[in-house]
Amino acid sequence: MSVSVPHALSVWRRNAAMYRRTWKWNILPNFFEPVFYLFSLGIGVGAYITEMGGTSYLTFLAPGLVCVAAMNGASFEVTYNVYVRLTFEKAYDAMMTTPIEPDDILAGEILWAVTRACIYGGCFFVILAIFGLATLPSLLALPLIPLAGVLFAAIGLVFSLKIPNIDLFSFYFTLFLTPLFLFSDVFFPLAERLPENWLWVAEVLPLLHPVRLARSAFQGEISPILIWDLGYILVVSAMLLLWARRAIGQRLTN
Amino acid sequence: MIVEVSSVSKRFGSRLVVDNLSLMVSAGVCFGLLGPNGAGKTTTMRMIYGVTQPTSGTIRVFGIDIARNLRAVRSRLGVTLQQSVLIEALSPRENLRVFGRYHLLREPELSRRIDELVEFLELGSHGDVPSKQLSGGFQRRLAIALSLMNRPQLLILDEPTTGLDPAVRLALWSRIRDLRSEGTTILLTTHYMDEAQRLCDRVAIISRGKIIDEGPPTDLITTHLAPETVEFDCAPEEEATLLYGLSLPSRRLRVGKRVMVYLEDATSLSDHIRHRDEGDRRAVVVRPTNLEDVFLALTGTSLEGGL
């Protein structure tokens with residue numbers, strides 16, 4: 001079995017056809033959310049913080065929030081939406097009566113989740129540019145939006161394909177995505193608050209790596225640890241995608 | 001042969017759902033898989049379009065081994081599943097468009113095919129309203145339209161009219177006949193005997209994962225039973241007295257108090273019973289023998305699962 005690109009694209013187009021009906025209402029909150037964060041935390045809380053990580057708090061905050069937007073965009077898609085398509089709408093069962101194979105479905109869903117990540121992350125980036133927070137080197141952070149999208153699409157897909165009921169998504173959001181959002185270097189440098197022998201904990205968090213890469217891009221700085229960050233994203237995504245591939249095969253055929 | 005299933009078994013854990021089953025469907029035929037719920041009909045169908053892998057045996061569709069080239073097989077067949085697969089937020093036309101893309105149809109062929117199917121299944125009146133607002137019969141017609149997007153040579157219908165009202169069933173049957181007369185091979189499952197009898201050129205009666213017998217419906221009736229049936233209520237101990245003095249044919253079945261006798265000509269027996277029941281006449285039904293009787297005779301159980 002292998003991915004047929006035209007078939008994967010037809011899966012993507014199914015989701016796009018549904019999104020097209022609602023995007024006007026969906027995209028507006030995508031623009032407002034970053035504005036609220038920047039006002040409340042960047043400007044509000046930031047007024048009490050003289051500097052963080054060597055910059056103003058607003059500047060510190062911006063790159064991480066781009067990654068959070070990408071994470072959220074991909075996560076909503078591969079959790080509830082995938083679960084509904086799988087379980088209630090029987091969309092994948094329908095596809096399996098056509099030449100579409102499970103691998104095509106997986107590829108189409110990942111591509112769609114990345115598309116949503118790009119819409120979220122892209123909106124955020126545009127707002128940052130409007131506020132004058134997107135420097136020229138920060139453009140290098142743009143490829144991180146789809147990369148973070150793939151990573152969180154893969155994590156969410158494995159979860160969605162393995163859980164027995166829809167209620168478990170509240171665990172995913174509250175006990176997984178929320179702590180990631182709060183502790184992955186977005187609001188403060190986690191490594192500076194952790195005791196020496198607990199530093200590895202930070203390195204396990206999946207959101208931390210795109211955040212560190214994005215911040216480096218925004219600040220135009222390069223360090224060797226970025227290779228580790230990029231490697232983490234690529235290797236973990238690849239491993240989870242292989243797992244998701246097995247899981248979707250098991251869910252759709254027997 | 002359009003479909004060749006050779007010695008196929010399917011085991012789920014310790015449960016043997018399909019037991020060394022073989023069947024052949026030739027081109028242009030409407031073939032019915034008949035049996036009660038849980039007999040293995042749906043599993044057999046799923047194996048034919050390749051989403052369930054047989055534990056043993058081989059399946060060829062259009063002469064192609066489905067274990068080898070499933071995509072090639074699926075591009076030439078259509079499947080209407082039992083459960084609804086419609087995208088409720090989208091209109092019938094939009095649903096057809098999405099499905100056409102799964103088959104990689106492009107414009108202008110895509111729109112042309114949608115128009116054809118909207119006309120063929122009479123979907124035009126609600127072609128642009130969200131599918132969730134459609135009635136059950138309308139949704140089923142749309143579901144069949146979806147599986148016809150790629151002009152399939154083989155159409156697989158899993159319980160096509162379950163849960164539909166009689167008028168809608170009649171309309172659907174006539175569409176299925178139209179498709180057959182255009183040369184589409186049809187494989188359907190049903191637990192409705194009348195449906196099988198009216199639609200199918202051949203039927204296979206399936207019970208506990210095995211085919212018990214197979215052939216044209218009328219042949220099955222004449223081979224196993226007789227063309228006419230006399231049906232009446234009669235307690236077992238009363239039966240001998242009631243039928244005393246008649247030289248009765250071999251086939252007689254009993255379900256509880258109900259007795260069914262199968263004959264070439266039902267007149268003599270019905271007259272006989274009328275004659276015996278002088279004052280208080282029992283209800284005697286004379287009717288053509290149907291596949292339900294054959295099923296009962298072959299398996300000793302009734303299809304609706306009562307016994």
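A residue counts as buried if 20 or more other C-beta atoms lie within 10 Å of its own, as exposed if 12 or fewer do, and as partly exposed in between. Keep that rule at hand for these exercises, and remember that the model is predicted.

**Exercise 1.** Decide whether A:I27 is buried, partly exposed or exposed, and find its contacts beyond its neighbours within four places in sequence.

*Solution.* Start by locating the residue: A:I27 sits in helix α1 of chain A. Next, count its neighbours. There are 13 C-beta neighbours inside 10 Å, so A:I27 counts as partly exposed. Then look beyond the neighbours within four places in sequence: A:I27 is in contact with A:I119 and A:C123. Finally, pick out A:Y120, which is 93 residues from A:I27 along the chain, while their C-alpha atoms are separated by 8.0 Å.

**Exercise 2.** Work out how helices α1 and α2 of chain A are arranged, and which residues meet between them.

*Solution.* First find the two helices: α1(A) covers residues 5–44 and α2(A) covers residues 57–88. Their axes come within 10 Å and cross at roughly 150°. Angles over 145 degrees count as roughly antiparallel, and therefore α1(A) and α2(A) are roughly antiparallel to each other. The crossing is right-handed. Now list the residues that meet: α1(A) brings A:P34, A:Y37, A:L38, A:L41, A:G42 and A:I43, and α2(A) brings A:Y57, A:L58, A:L61, A:L65 and A:A69. Sorted by type, the residues of this contact are ten nonpolar, one polar and no charged.

**Exercise 3.** Describe the side of chain A that touches chain B, and say which element gives the most to it.

*Solution.* Begin with the totals: 22 residues of chain A are in contact with 21 residues of chain B. On chain A's side, the elements giving two or more residues are α1 and α3 (91–95). Of these, α1(A) gives the most, with seven residues. By type, chain A's side divides into ten nonpolar, five polar and seven charged residues.

**Exercise 4.** Trace the open four-stranded sheet of chain B, and name its edge strands.

*Solution.* Read off the order: β2-β1-β4-β5, with antiparallel pairing. The edges are β2 (15–25) and β5 (64–65) of chain B, each of which pairs on one side only. Then follow one pair closely. Strand β1(B), residues 3–12, is joined to β2(B) by seven bridges, and B:V3 has B:V25 as its bridge partner in β2(B).

**Exercise 5.** Find out which strand is joined to β6 of chain B by four bridges, and how the faces of β6(B) are covered.

*Solution.* Take the pairing first: four bridges join β6(B) to β7(B), residues 154–158, and the two strands run parallel. Within this pair, B:V79 stands opposite B:I156. Now check the faces of β6(B), residues 77–80. B:L77 and B:V79 are buried on one side, and B:G78 and B:T80 are buried on the other, leaving both faces covered.

**Exercise 6.** Decide whether B:D293 is buried or exposed, and locate its contacts.

*Solution.* Because 24 other C-beta atoms lie within 10 Å, B:D293 is buried. Setting aside neighbours within four places in sequence, B:D293 is in contact with B:L225, B:T229, B:M260 and B:Y262. To finish, compare B:P236: B:D293 is 57 residues from B:P236 in sequence, and 19 Å away C-alpha to C-alpha.

Key. Residues numbered from 1 in each chain as written. Chains lettered and ligands numbered in written order. Predicted model: local features only at pLDDT ≥ 70, side-chain atom pairs only at ≥ 80, totals over all residues. Pairing = 2+ DSSP bridges. Axes fitted to C-alpha atoms, helices over the stretch in contact; angles between N-to-C directions. Parallel < 35°, antiparallel > 145°, perpendicular 65-115°, else oblique. Left-handed = near helix turned anticlockwise from the far one by under 90°. Contact = placed C-beta atoms within 7 Å. Nonpolar A, V, L, I, M, F, W, Y, C, P; charged D, E, K, R; others polar.
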